[in-house]
Amino acid sequence: MIFNFPDVGEGIHEGVIVTWLKKVGDEIKEDEPIVEVETDKAVVEIPSPTSGKLTKIYYEVGQTAIVHTPLCDIQTVNEAEAAPASTTSPANPTASATPAVQPADSGNVVGSLEDADSMPKSNFDPLDFSSYQSGNTIKSTNPTATSTEPKILPKIRKLATDLKVDLSKVTATGANNTVTEQDVLALTNSNQNLQTTKEALPKFKFSLSEYGTERVEPLTTVRKAIASNMMNSFKYSAQVTHSDDLVVTALVAKRESMKPEAEAKGVKLTFLSFIIEAILKTLKESEFQKLNASYDFVNQNLIYHDFINLGVAVDTEHGLIVPVIKNVEKLDIWAIAQNIVDLAEKAKNKKVALEDIKDSTITVTNYGSIGGKYATPVLNYPNLINIGIGKFDQKVSYIDGQIRTDTILPLSLTYDHQIIDGAVAARFVNRLQENLNS
Amino acid sequence: MRELKIVDALNEALHQGMEQNDKIIVLGEDVGKEGGVFRVTTGLQKKFGVERSVDTPLSEGGIIGSAIGLSINGFFPVCEIQFDGFIWPGFDHIINHVCRFRTRTRGRLTTPMVIRVPFGGGIHALEHHSESMEAVFSHIPGINVVIPSDPFSAKGLLLGALESKDPTIFLEPKKIYRAIKQEVPEEYYTIPLNKARIEREGSQVTIISYGAMLRETKKALAEFIKTNPIDFELIDLVSLSPIDYDTVIASAKKTGRILIVNEEPRTAGLAAEIAAVIQEKCLFDLQAPVIRVTGFDTIMPLLKNEDYYIPGIKRITKGLNQVLA
């Protein structure tokens, strides 16, 4: 092909040849500089538009080349194959001034265009796949494309893969025939027949309007969340409650002695703060660290946390809220006391942010401030324990010939029996009593 | 049948269109005597006279502004913008007037016209000569944006645009202006502006491309299928606004795997838009994330580096492997 001196920049019409970087006979690659040309503005390297062999140059060093007139001839591989004989042109003195073949007028172009006329046919031919046969073995249509198949989101597919659940056995209960997380989890239970399909639900009779008028009140968002959390808690854990009366006479005295300091600091130093302090201390003991762990049943792992995020169940007019004090293990009793007051206040005023009710590792339920000695607190799933604090009471005992009156704290510890053994729970409560009075 | 290159096919379309409709006026820089920098308008001035093939001053604002006045008054202007990078002085007219007259006047006045723009990189040119800004135009309501990928579609689409009652941005893939020779019918024919073209039907993966990148994509596929005999579906998008989602979505639902190849900067591009619609409409049919093979979020580099910017066989093959994984 004849390579015309390309337009190298706005307004440049000619340039003086400075150096030929390639000589006749050299093999050149596409984009490889062939020649240096000095224009009004700069010295520029002119790259080759194609790979091939330099067969002819039209200007010697020092001569002025005109833009869009032939600069050199480059024999492309294809040309070499097509016409090997034409590579040596007869030594004709006039041939250096005018090319033998005048190129078609392809315009006053900035840059260079690929031209079908100077390319091997296979390069410019619109690539045609009409005769192409794809491999038969892998030819298949998208298995998800048929409309009757349940629809499965990637997240659910991954869950099914992780849980080794066969998706073809899953019954889709979501809207528009979609498979929900619950549908997959339903098949992870040991009883594979336990289906949670809508059809499988027993027919409950909720409305009894034949006896009188009724009022239907939709659940609030908070109530729906509570209901769902409670059901998950029972679904995924094996809850047992251990109850005991803890003697806390020494603690009462300790709190009395600290009251002046509390008043000076302006902090409401409740028994709950002391109880939390003692819980934290007990949980740090190696045997009881697993009570602060989480059980990842999907991967069958126990995840130990070296921090404690404490949820405190708070009764509000909109329902039960469990604000969480993050990294409570770093706080002293004064900070704990202040945090409890602040969170309770926030919860009651509906000022709790979503952040404040997330990610607890244990929970404390202080129903005793309202009334009642023992209860069966429900695990704030996936926490492994929930400690219920009952109403303080007095106990009269006869020890070593003496009648003695003690203050007792009725305590109910609910734990997940999947992970926590009864003996561990009992020993935890024993140690807690010691720590409460130390 | 004789074979034409894209340049010749466009030139023939203009000749036939102007014969058919004497309201068509071609205007632009050097379009008359010179026949345009790429020679698309060759011979028009000789045949139809200086009043229908008008050499304008170097003012894209003037070219498109004049076209608005002409079209409102019953003419059908065909503007030539010399290079894509030069269109911006006229962009104000496009976004504020060309696309709006039908709405602004409640249909009383319209601005049918074709704005021809040599488009894309790959010709070893200077700054402002190689950009791919199709997403900017596709973002504008009220105009059609189309791009042919071979001589046959170039002629049919341009004649289709010349019959449209609305303005069309007609992007011309300059890299392949002369690179493809193809049989093109001599007679007048049109191709609908808003239809994608299925180049090959297949069941395993959908590859969407357009313009010069369609050819690169085909080259990559020709190599790829030598070792991976996949049953691919190849779509030439053709219409960049409106996008033919009937075709795109049906294909996405069928194959569940979609690869989009173009040379625009990546962010907020046309490929991103198509991917967004596919996930909205076909989420449950997808077997892999929608993969984009595009240019980069950089200024289009100068000639020495442009092949690093424009997706080539290597990057398209990587995309194929990703979408088939």
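In the predicted model, Asp315(A) stands opposite Leu320(A), a residue of strand 13 of chain A. Strand 13 spans residues 319-321 and is joined by three bridges to strand 12 of chain A, the two running antiparallel. Two residues lie between strand 12 and strand 13 of chain A, and the pair forms a hairpin.

With strand 14 of chain A (residues 324-325), strand 12 pairs in the antiparallel sense over two bridges; here Leu310(A) has Ile325(A) as its bridge partner. With strand 15 of chain A (residues 362-365), by contrast, strand 12 pairs in the parallel sense over four bridges, and Leu310(A) stands opposite Ile362(A) in that strand. Strand 12 itself, comprising residues 310-316, is mostly covered, as five of its seven residues are buried. In general, strands of a sheet pair through backbone hydrogen bonds, in either a parallel or an antiparallel sense.

The secondary structure of chain A as a whole amounts to nine helices and 18 strands. Chain A contains 438 residues, of which 28% are buried. Of the contacts in chain A between residues at least 6 apart in sequence, 60% join residues at least 24 apart.

Another part of chain A contains an open sheet of four strands in the order 5-4-2-7, with antiparallel pairing. Strand 5 (43-47) and strand 7 (64-66) of chain A are the edge strands, each pairing on one side only. From one strand to the next, the twist averages 45 degrees. Within chain A, strand 2 (residues 14-20) and strand 4 (residues 33-38) run antiparallel and are joined by four bridges. In this arrangement Trp20(A) stands opposite Val35(A) of strand 4.

Strand 2 of chain A also includes Gly15(A). Gly15(A) counts as buried because 25 C-beta neighbours lie inside 10 Å, the threshold for a buried residue being 20 or more. When residues up to four places away in sequence are not counted, Gly15(A) touches Val37(A), Glu38(A), Thr39(A) and Ala65(A). The C-alpha atoms of Gly15(A) and Glu38(A) are separated by 5.2 Å, although these residues are 23 residues apart along the chain.

The largest nonpolar core comprises 101 residues, among which Leu10(B), Cys79(B), Ile115(B), Val146(B), Leu158(B), Phe170(B) and Leu259(B) touch the most other members. Leaving aside neighbours within four places in sequence, Val146(B) is in contact with Leu157(B), Ala161(B), Thr168(B), Phe170(B), Leu193(B), Val238(B), Ser239(B) and Leu240(B). Another core, of 46 residues, lies apart from the largest one and includes Phe288(A), Ala293(A), Ile389(A) and Leu432(A).

Helix 3 of chain B (residues 60-72) consists of 13 residues and reaches 18 Å from its first C-alpha to its last, close to the 18 Å expected at 1.5 Å a residue. The buried residues in helix 3 of chain B are Glu60(B), Ile63(B), Ile64(B), Ala67(B), Ile68(B) and Ser71(B). Viewed down the axis of helix 3 of chain B, its buried residues fall within an arc of 135 degrees and therefore line one face of the helix. An α-helix has 3.6 residues a turn, so residues three or four places apart point the same way. The buried residues of helix 3 of chain B pack against strand 2 (24-28), strand 4 (76-80), helix 4 (91-98) and strand 5 (114-119) of chain B. Gly74(B), with a positive phi near 100 degrees, follows helix 3 of chain B.

Definitions and conventions: Residues numbered from 1 in each chain as written. Chains lettered and ligands numbered in written order. Predicted model: local features only at pLDDT ≥ 70, side-chain atom pairs only at ≥ 80, totals over all residues. Buried ≥ 20, exposed ≤ 12 C-beta atoms within 10 Å, placed from the backbone. Pairing = 2+ DSSP bridges. Axes fitted to C-alpha atoms, helices over the stretch in contact; angles between N-to-C directions. Contact = placed C-beta atoms within 7 Å. Core = buried A, V, L, I, M, F, W, Y, C linked by C-beta atoms within 7 Å. Expected span 1.5 Å × (residues − 1). Arc of directions from axis to C-beta.
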